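I opened this entry to note what I looked up in the structure. My notes follow the order in which I checked things.

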Amino acid sequence: MKPVFHNLKKNINDMDKLLLIVTIFLFIFGLLNIVTASSRAVVLRYNTSLYSFFYKQSMHLILGFVVFLIIINIPTKRYKQWGVLAFIAISILLAYLSLYGSIHKGSINWIKFMGFTIQPSEFAKPVMILCLSVLFEMFAKKLRNKKINHYDMIGMILFVGCIFPLMVFLQKDLGTAIILFVIFAIMFFASPILRIDKIKTCLLGIIILIIGGLIIIVKTGSLLSETQMERFNFFDPCSNYESGGYQICNGFIAINEGGLLGVGIGQSKQISYIPESHTDSVFAIISEEYGFIRSTCIFIAYILVLGRILSLSSKASTLRGKYICLGVAVYIFLHILINLGGLFGIMPLTGVPLPFLSYGGSFTLSLIIALSMVQRIYIETKNQFIKIK
């Protein structure tokens with residue numbers, strides 16, 4: 001047991017301290033904010049304690065902390081075996097949802113198990129990033145060799161990168177499907193695959209997407225569901241208040257009411273009118289209560305997190321580390337972009353949680369897993385640098 005604790009202590013000392021401090025700050029701020037942001041939901045909708053979501057999110061963070069301590073002690077050279085197991089597990093869960101899942105808010109994305117609700121599509125994000133990164137490292141030399149055929153390797157990469165987005169799209173979770181696909185697309189274009197192979201693959205992908213879209217339209221009459229189509233009514237939400245614009249419109253009002261300094265913690269008025277104020281629209285409540293000036297600190301924290309992860313991606317001692325960090329940075333950025341883009345009315349509101357601040361067990365654990373892998377890569381890169389030096 002002593003060597004285990006010694007290694008754990010050493011790994012904690014070797015972590016990226018700035019990244020760790022900023023992420024802890026964001027998680028704690030999000031946890032405390034959940035008390036006020038969820039007050040309407042717990043009292044009116046769920047008829048339970050005011051601190052119900054606070055306690056649940058606390059348990060999610062405690063479990064995440066345990067997972068974090070485990071992951072930072074697993075060498076990335078073992079990620080191949082763990083990645084295969086995780087990929088199979090998530091594939092089985094997503095397949096189960098497709099066959100036996102029930103629709104919740106227009107999507108089929110939740111599994112109830114022993115009193116807990118699990119969203120497999122959230123865990124699909126770090127798993128896909130991990131598996132793609134391992135494949136890029138495995139095939140790197142062969143993919144750059146112009147004298148051999150690459151179709152089998154590219155085919156495997158395409159399968160790993162497309163199966164999760166496809167399954168999630170068929171479960172009508174458009175926001176998560178878009179995030180998964182864009183993560184794969186960016187990692188694919190940044191991969192060691194030759195440019196000509198990327199162009200050929202993209203052309204083939206476009207043809208398949210067109211054919212697949214036509215098949216869905218012929219079978220169902222529409223590429224998107226009625227619920228998904230309503231979310232595209234975002235250009236002037238307040239004039240379409242009764243037909244899907246009420247959430248964005250009330251978000252606008254909350255942000256405007258906050259002004260520069262905010263109305264005060266726990267003093268939000270729009271919390272009574274904004275659905276999912278503790279999940280999708282949590283930033284609207286933060287803006288109203290804290291105001292523009294203090295809310296800006298959140299954007300600064302996001303920039304620091306993304307900057308540190310991207311910096312590590314360029315310095316990582318292994319290819320798998322480089323691509324994992326890139327994938328995690330894209331993952332976090334897309335959640336920020338799509339959540340705030342929907343809240344600000346510049347893109348459809350798709351129910352995507354805001355990193356660190358939104359309530360949600362599966363998303364919180366998924367985010368902690370992703371950040372844990374980044375910290376492990378930082379530890380290995382730092383130790384590798386020390387050895388070389």
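**Aromatic pairs**

I started with F189, which is partly exposed because its relative accessible area is 47%, and that falls between the 20% and 50% limits. I keep in mind that this is a predicted model. F188 counts as buried, at 4% relative accessibility. The two rings, F188 and F189, form an aromatic pair. I noted 5.8 Å centre to centre and 75 degrees between the planes, an edge-to-face arrangement.

I then turned to F283 and F299. Why is this pair edge-to-face? The planes of F283 and F299 stand at 75 degrees, so the pair is edge-to-face; the limit for that class is over 60. Their ring centres are 5.5 Å apart. F283 is buried, with a relative accessible area of 4%. F299 is partly exposed at 32%.

How many aromatic pairs does a search of the whole structure find? I got 14. I also found a cluster: ring pairs link F25, F29 and Y290.

**Chain overview**

I stepped back to the whole chain. I counted 14 helices and 2 strands in its secondary structure. The chain has 389 residues, and 51% of them count as buried. I also looked at contacts between residues at least 6 apart in sequence. Of these, 72% join residues at least 24 apart.

**Nonpolar core**

I looked up the largest nonpolar core, which has 93 residues. Which members touch the most other members? I listed I157, F164, I183, I309, I332 and L357. Helix α13, residues 319-343, gives the most to this core, with 14 residues.

Leaving out residues up to four places away in sequence, I309 touches L19, C325, V328, A329, I332, L371 and V374.

**Second largest pocket**

I moved to the second largest pocket. I noted about 920 Å³ of space in it. Its lining has 26 residues. Which of them lie nearest its centre? I found C162, F181, G205, I208 and L209 there. The elements giving two or more residues to the lining are α7 (151-170), α8 (174-189) and α9 (195-220). The largest share, 10 residues, comes from α9.

I sorted the lining by residue class. I got 22 nonpolar residues, 4 polar and no charged.

I checked Y96, which lies in helix α5, residues 79-100. Is Y96 buried or partly exposed? Y96 is partly exposed, at a relative accessible area of 42%. I compared its position with I111, 15 residues away in sequence. Their C-alpha atoms are 9.0 Å apart in space.

I did likewise for L63 in helix α4, residues 52-71. L63 counts as partly exposed, with 45% relative accessibility. L63 and G361 are 298 residues apart in sequence. In space I read 9.5 Å for this pair, C-alpha to C-alpha.

Definitions and conventions
Residues numbered from 1 in each chain as written. Predicted model: local features only at pLDDT ≥ 70, side-chain atom pairs only at ≥ 80, totals over all residues. Heavy atoms only, no water. 1 Å grid on protein atoms, 1.4 Å probe; cavity = no way out; pocket = protein on both sides within 12 Å on 5 of 7 lines; lining within 4 Å. Points joined across faces, edges and corners; volume = space filled by probe spheres on them. Helix = DSSP H or I, 4+ residues; strand = E, 2+ residues; numbered from the N terminus. Nonpolar A, V, L, I, M, F, W, Y, C, P; charged D, E, K, R; others polar. Buried < 20%, exposed > 50% of the residue type's maximum accessible area, 1.4 Å probe, protein only. Core = buried A, V, L, I, M, F, W, Y, C linked by side-chain atoms within 4.5 Å. Contact = heavy atoms within 4.5 Å. Phe/Tyr/Trp six-rings, centres within 6.5 Å; stacked < 30°, edge-to-face > 60°.
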